[in-house]
Each structure stands twice: as C-alpha cells, then as structure tokens.
Amino acid sequence: MDPTTYPVNDFGPAMRGMVIGAVGILHVFLAQFAIGGGFVLTYFQWMAGRGVPDARRFLDSFFKYLVLVSFVTGAMTGVAMWLTTIQVSPRTIGLMVDEFHWIWAAEWCCFTVEIVAGYMFLRWGQRLPDRVRLRLLVTYSSASFLSLFWVNGILSWQLTPGSWLTSGDIWAGFFNPSFWPSLFYRTAVSSTLGALAAIAVINTMDVSRAERHALIARASRLLVPMAAMPVLGLWYVAVIPADSRAWITGGSVAMSMFLALAAGASLLIGAYALIGIWWRHLYVSGATAALLLALAFGATAAGEFVREGARKPYTIRQVLFSNSITPAEVVRLRRDGSVTDDPYPLRDAVRYPNAQLVLGARVVRAQCSACHTMKGANALVHLGGGWSMDQLRLNIAKLQLTKAFMPPFAGPAIEVEAVAQLVAWEAAGAPRQWPVSDDPAVLAQIGRWLDEAGIAPSPERAVSRPRGETPVEVQP
Ligand code: HEC
C-alpha cells in the first residue's frame, strides 16, 4: 500500500523543524514546571501537616496559582504540539499513534486525574483538613508524574527504538534504552524548576528574614535531585546510538555548542545551589531566583534542541527520515519520483518561469523543507547558491554523503536537476526568464552520482566536514 501523502504547512522564513522545536521547548518547560510545582506543594503540605511553621503560609501564597498557570499553559501548548506536529510531520505523529495508541490513552487518563485533583485543591483546599489536602496533592503530583512517564516512553523511542525494531513489541519500544535515563533526568529537572520558582515566591512573602531563610532552606531541598543530573546526562549520552553521540559531542559544532550550553547552565545552577544556598547560607533574592530560572529555561531549550537534533536524519530512528520518507521507499521514489503522488498544489506556483522550477519547488517541499527553507533559516540559497552547477548537482545527488545527517536523495536525476536549477534561479534573483535544462549528458552524470551514493543513509552519519570547508570534490 502506498503511504498517504499528507499536506504540510510552510512557515515562511522558519523551517518546519524550527517551528515544532519552538513550541516543543515552551511546552516541555511549562509541563515540567507543573510537575515540579506539584512536588513542591505536596512537600510543603506534608510539612504543614507536621506543624512546620509557615509551611501553610507558603501554600496559601500565589505559588499554587503559578502551578495552575503553568499547568493550563502546559495543556494549551500541549494541544498546540498536536496541531503543529500534524502540519509539520503528520507521518511521524501518525506512526506514533499507530504504535502507542493505548499509551496515549493511559496518558490522557493520568492527565484527567491531574486536572481534577488540581482543580479540587484550588477550589476547596482552604476548607479541607490537612490530611485530605495532602491526598489531593499526592494525587495531583503522581498523576502529573505519570503523564510524563507515558509520554517519555514515546519520545525516547523516537531516538532509541531498541529491540522494538526487530520484535515490534510495544513494551520493548516503550521501555527502550533511553527510557530510564530520560525519565530520571526530566524528573530532576522538574524538581529543580519547582524549587527555584518556590524560592522566588518565598522572597515575596511578608515574613521575617529568619522565617524566610527557614522556608528557602526547605524549598531548596527539592534541588537535591539536581546532583544526579550529570550522572543521568552521561547515562543518557551513553545509551544513545554511537553516531548520535559523536554528532552532539563534536561532530556538529552547533549541536556540541548547545550541549555545552545546557550542561554549563545546569552546572551554574547546581554550583549556586550548593555553594550559595547550603554551604554559605546565602540569601537568595527574588532576582537571583528569577535569574536561575531563566538559566534553567536556557538549559531546557538547549537540551531539547540537542535531543531533537541527535535524531537526524530520522524522526524515528531507522524507520522514518526527517522528511517523512522511509528508508525502504527510497528505491521506489528514485524510480518513480518523490512528488509524482503529491496532489497538493504549490502556494506560489505562478512565481516560477517554467515547469522544471515548479518541479524543483515541489521536490524541495517534499524532501528538504523539514530542515531547510529556500531563503530563510538554513537557506538552500545561502548554502549552495554560490556553487557551480556541477557542485550543486553532485552534492544534492549524494545528499547523505554531503552532510551525514541528511537523508539520501529520494528521487530520479530529473528531480536533482530541478532542485539544482531552482537554487541557481533563486540565487540569481529569481529572473522572469530561465532556460529549461534537459541535456541528457547532464542527467546521465547525475544518475551515476545517485547510483554511487546508493540509498543507505551515511554509514558514518556524524563524521562530517566542519562548517566552511569546501564541499565534496567533483570527480573528474
Ligand atoms: C534532516 C534534515 C535535513 C534534510 C531533510 C535536508 N537537509 Fe540539507 N542540510 C541539513 C543541515 C543541518 C545542514 C547543515 C547546514 C550548515 O552547515 O549550516 C545541511 C546542509 C545542506 C547543504 C550545504 C552542504 C555543505 O556542504 O555546506 C546543502 C546544499 C543541502 N543541505 C541541500 C539539501 C537539499 C537539496 C535537501 C533536500 C533534497 C536537503 N538538504 C535535505 C539538514 C537537512
């Protein structure tokens, strides 16, 4: 059966991958804060039940509204994730739904319990005895943690599908090699976010300095899981595929920089917590706490960026390339063309002076636009616009060898030529007239390059030339 061709959206100067990345980062940050906030509330309620002074005052502060807001915005961005992902990569999400239908259902149940418990606490919490309040908060936190538990299995499966690849067993896919390190890591991050926000809120409370210190010291206990983050991070990096590992630890300058950024920001927060809060008993002002939270946001953003990037050229490793083509389909598309079955018209078809450029634009939409735009982010015109025609043809035909994190080109020689012509035309300023290129000798040469490149992804995916070096030499 032929795969369905889904319509995809074009997001202007941003490439599709960036859009899902941005929504994803925001969502992960808010959702993890909602979980950590639940931990903080539960912990303080437990203390309140044991008569710890001021614990109740903290619970009555606006912290619970922060948790509410993050949880509502977390839900909103969560739905936005579905909307974006069906516009960006419908086939990826389709496969995830196919494989994990009941896991999504389980996640939905947990989320419902989370909403009900959270709402009941907010609505009636004031009037309830400590014992019942604690139960509600334990329910809220457990349910929110379990939502993470379920979703974590699906997300980590994308990078490390593990023995699911051969067995197709759903639990093998769910409890995949990066499941546990990823779950523990995210839990530590959640707890850290909750603690930092709690410290910021405690600073605004109208209590004596000594009382504030005592409360901050208690809230900062939830920073303890942070200590495990370096080990968990290393564990995660150790279980991901070797090529992904090489790619984020030196193979790609951008990826390695973001990894360093995530690690550096986390270390800074950890060092401040250790030295400032516990050892020196420093007073953590609201501004400092806010700064630490901003750092944590940076670390989350960089970390998610690296996690998404490490998967290239796949959205589901060994199953689906980033451009929603499966490795098995490449053979057929090389023969039949990648856009032959694509029923969707171009938005701007009248712009192009000839049918070859229209074909080029359709091929770019199908095969390249997940990671490139023509002239915006990661623009094809900027990357290849200055090359000679033969260099362009060669590098596109041997896409997976040009940069190891690109998938193999999945179309015949005429499609390579159409894309090369499109890049040259845009680079020339999109003139009104442009000749059609149909020299059989050129097409035959492209065909040989396609054959040489083969259909397998690059064997050494991460070992690519540093940026700025000249592209693959054209063979004589
Ligand atoms: C999985 C994501 C992905 C897909 C799909 C993809 N690319 Fe790329 N491509 C990249 C990245 C990332 C770079 C590196 C950009 C940089 O060096 O800044 C790149 C670089 C390039 C370069 C410059 C190579 C060099 O040596 O400097 C060209 C040309 C290019 N891509 C063309 C294409 C074309 C044409 C397609 C579609 C047929 C495509 N790419 C599909 C991710 C992708």
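How many helices and strands make up the secondary structure of the protein chain, and which residues around the ligand come nearest?

Analyst: This is a predicted model, in which local features need pLDDT of at least 70 and side-chain atom pairs count only at pLDDT 80 or more, while totals for chains, interfaces and linings use all residues. Residues are numbered from 1 along each chain as its sequence is written.

The protein chain has 20 helices and two strands, where helices are DSSP runs of H or I with at least four residues and strands are runs of E with at least two, numbered from the N terminus.

Turning to the ligand, 25 residues lie around it, and those that come nearest are Ser 322, Cys 368, Cys 371, Leu 383 and Gly 384; a residue is near the molecule if its C-beta atom, placed from the backbone, lies within 6 Å of it. At least two residues of this shell come from each of helix H15 (355-368), helix H16 (380-384), helix H17 (389-397) and helix H18 (399-402), and H16 gives the most, with three residues.

Among contacts in the chain between residues at least 6 apart in sequence, 78% join residues at least 24 apart, a contact being two C-beta atoms, placed from the backbone, within 7 Å.

Elsewhere in the chain, the axes of helix H4 (residues 90-124) and helix H5 (residues 130-159) come within 8 Å and cross at roughly 160°; axes are lines fitted to C-alpha atoms, for helices over the stretch in contact, and angles run from 0 to 180 degrees between N-to-C directions. H4 and H5 are therefore roughly antiparallel to each other, since angles over 145 degrees count as such, those under 35 as roughly parallel, 65 to 115 as roughly perpendicular and the rest as oblique. The residues of the contact of H4 with H5 divide into 18 nonpolar, five polar and three charged.

Note on methods:
Ala, Val, Leu, Ile, Met, Phe, Trp, Tyr, Cys and Pro count as nonpolar, Asp, Glu, Lys and Arg as charged, and the others, Gly among them, as polar.
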